[in-house]
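Here's a quick tour for anyone meeting this structure for the first time.

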Amino acid sequence: MSENLLIENDESTGGCCGGSSCGTAPADEAAVSGVREVFVVTGMTCGHCVGSVTAEVSKISGVTNVTVDLATGHVTVDSEQPLAQAEVAAAVDEAGYELTGLVSA
Ligand SMILES: [Cu+2]
């Protein structure tokens, strides 16, 4: 009985990676949530700043993910629907920093 299980496992793993569905896995994540915008925020100097901005922007309704690149000041915001830049700017301002613009992807 255990031999049958082993054979089944072997077949399923081999079929998975040989199939054409492999390439669709990474793209799936980006396609799920609707909108991604990248904003430029000035004034952030350390991880604490990043945490403050991330916390405030995450509070905006519909926001699913916030990623801050401290080196560039780029704040990547994923959301279920398009956000008003003024709304994001207000959140950034609330954290104590300034949103200066939008990076076009
Ligand atoms: Cu800081």
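## Across the sheet

Keep in mind that this is a predicted model. Let's start with helix 4, residues 85-95, which lies across strand 1, strand 3 and strand 4.

Stepping back, the chain holds 4 helices and 4 strands. Read from the N terminus, the elements go α-α-β-α-β-β-α-β.

The 4 strands form an open sheet in the order 2-3-1-4, and the pairing is antiparallel. Which strands stand at the edges? Those are strand 2 (63-69) and strand 4 (98-103); each has a single partner strand, so one side of each has no neighbour in the sheet. From one strand to the next, the twist averages 30°.

Now for the pairing of strand 1 (residues 35-42) with strand 3 (residues 74-79): these two run antiparallel and are joined by 6 bridges. If you want to find one spot in that pairing, look for V40, whose bridge partner in strand 3 is H74. Helix 3 (residues 47-58) packs on the sheet too, touching strand 1, strand 2 and strand 3. The direction of helix 3 makes about 160° with that of strand 2.

## What's inside

The largest nonpolar core has 17 residues. The ones with the most contacts inside that core are V41, V53, V57, V75, V77, V88 and V92. Strand 1, helix 3, strand 2, strand 3 and helix 4 are the elements that each give two or more residues to this core, and helix 4 provides the largest share, with 4 residues.

Leaving aside residues up to four places away in sequence, V75 touches V38, F39, V41, V53, V57, V66 and V68. Across the chain of 105 residues, buried residues make up 18%.

## Back to helix 4

Which residues of helix 4 are buried? They are V88, A91, V92 and A95. These four cover an arc of only 100° around the axis, so they sit on the same side of helix 4. Strand 1, helix 3, strand 3 and strand 4 are among the elements that cover them.

Just after helix 4 comes G96, which takes a positive phi of about 105°.

## Contacts along the chain

Methods. Residues numbered from 1 in each chain as written. Predicted model: local features only at pLDDT ≥ 70, side-chain atom pairs only at ≥ 80, totals over all residues. Pairing = 2+ DSSP bridges. Axes fitted to C-alpha atoms, helices over the stretch in contact; angles between N-to-C directions. Contact = placed C-beta atoms within 7 Å. Core = buried A, V, L, I, M, F, W, Y, C linked by C-beta atoms within 7 Å. Buried ≥ 20, exposed ≤ 12 C-beta atoms within 10 Å, placed from the backbone. Arc of directions from axis to C-beta.
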